[in-house]
Amino acid sequence: MAVFEGNFTQTDSLRFAIVIGRFNDLVTTKLLEACQDCLKRHGINPEPQGTQVDYVWVPGSFEIPLVAHQLALTHRYDAIICLGAVIRGQTPHFDYVSAEVSKGIAATAFQTGVPVIFGILTTDTMQQALERAGIKANHGWNYAMDAIEMANLMRQIKHSATYPHTTVDSTAILSASTTPALTGETLKQQSETL
C-alpha cells in the first residue's frame with residue numbers, strides 16, 4: 001500500500017490559474033496579493049508574463065464557476081484558485097449567489113478532476129471580509145497553500161494510476177504540513193508491524 005499526501009516542495013513545473021471577481025475588489029485584490037506571495041515563497045513564479053500562473057478577471061463571484069470550468073477543461077492547469085467576496089446585504093441575493101458559487105466550484109472539480117480551490121469569502125459585513133483579507137489574517141495565503149498541496153497530490157495519484165506496479169517512495173510524498181515527519185525507515189517499521 002502507498003501513502004499519498006501533497007507536498008509544498010515540488011513546484012517548479014506546476015501551473016495554476018487564478019480567477020478573481022472584480023466585485024468587492026477592495027477585498028479580492030488583497031486576497032490575490034497574499035495568494036501571489038505564497039506562490040512565490042514556494043518557488044512558483046506568479047508574474048503574469050511568466051509561464052506558471054494565468055489570471056482571469058470576471059465581473060463578480062457568480063461568474064467565477066463558469067470561467068473556472070472552462071479553464072479546467074483545457075487541462076493546462078494543475079489547480080485553479082477562485083477568489084471572490086460575497087457580502088450579505090438587505091436582500092436574499094447573498095444566499096442565492098453564495099450557494100450557486102459554491103455548488104458551481106465544487107461541480108467543476110468533480111466533473112473535470114482538476115482541483116478547484118474555493119477562495120470565496122462569504123461574510124455578513126465588509127469589516128468581516130477585510131479582516132479575512134489582511135486586517136487580522138489573509139486567507140489568500142491559505143488558498144494558495146491548498147492549491148499547491150492539491151496539485152501535488154493529484155499528480156501523485158495520476159502517476160500511481162499510470163504506473164500501478166511502480167514503487168512509491170514514501171519519503172518523497174510526505175508533506176511538510178501538519179503531519180509529523182516520517183522517514184522511510186519509520187514507514188518500513190510501521191508496515192512490518194501490520
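**Helix packing and nonpolar cores in a predicted model**

Helix α2 (residues 64–73) packs against helix α3 (residues 93–112) at an angle of about 10°, their axes lying 8 Å apart. Axes are lines fitted to C-alpha atoms, for helices over the stretch in contact, and angles run from 0 to 180 degrees between N-to-C directions. That angle makes α2 roughly parallel to α3, a term used for angles under 35 degrees. The model is predicted: local features need pLDDT of at least 70, side-chain atom pairs count only at pLDDT 80 or more, and totals for chains, interfaces and linings use all residues. Residues are numbered from 1 along each chain as its sequence is written, and side-chain values use heavy atoms, with hydrogens and water left out.

**The α2–α3 contact**

- From α2, Ile 64, Pro 65, Ala 68, His 69, Ala 72 and Leu 73 meet Glu 100, Val 101, Gly 104, Ile 105, Thr 108, Gln 111 and Thr 112 of α3; contact means heavy atoms within 4.5 Å.
- The residues of this contact comprise seven nonpolar, five polar and one charged (Ala, Val, Leu, Ile, Met, Phe, Trp, Tyr, Cys and Pro count as nonpolar, Asp, Glu, Lys and Arg as charged, and the others, Gly among them, as polar).

**Overall fold**

- Seven helices and four strands make up the secondary structure of the chain, these being DSSP runs (helices H or I, at least four residues; strands E, at least two) numbered from the N terminus.
- Their order along the sequence is β-α-β-α-β-α-β-α-α-α-α.
- Of the chain's 194 residues, 42% count as buried, meaning under 20% relative accessible area with a 1.4 Å probe, protein chains only.
- Among contacts between residues at least 6 apart in sequence, 77% join residues at least 24 apart.

**Nonpolar cores**

- The largest nonpolar core has 29 residues, of which Phe 16, Ile 18, Val 27, Leu 39, Ile 81 and Leu 83 touch the most other members; such a core is a set of buried Ala, Val, Leu, Ile, Met, Phe, Trp, Tyr and Cys residues joined through side-chain atoms within 4.5 Å.
- Two or more residues of this core come from each of β1 (16–21), α1 (25–41), β2 (53–58), β3 (79–87), β4 (116–123), α4 (126–132) and α5 (139–162).
- A separate core of 18 residues includes Ala 68, Ile 80, Ile 105 and Val 116.

**Ile 117**

- Ile 117 lies in strand β4 and is buried, with a relative accessible area of 8%.
- Beyond four places in sequence, Ile 117 touches Ile 80, Ile 81, Cys 82, Tyr 143, Asp 146, Ala 147 and Met 150.
- Ile 117 and Met 150 are 33 residues apart in sequence and 8.9 Å apart in space, C-alpha to C-alpha.

Definitions and conventions
Angles under 35 degrees count as roughly parallel, over 145 as roughly antiparallel, 65 to 115 as roughly perpendicular and the rest as oblique. Buried means under 20% relative accessible area, exposed over 50%, partly exposed in between (1.4 Å probe, protein chains only).
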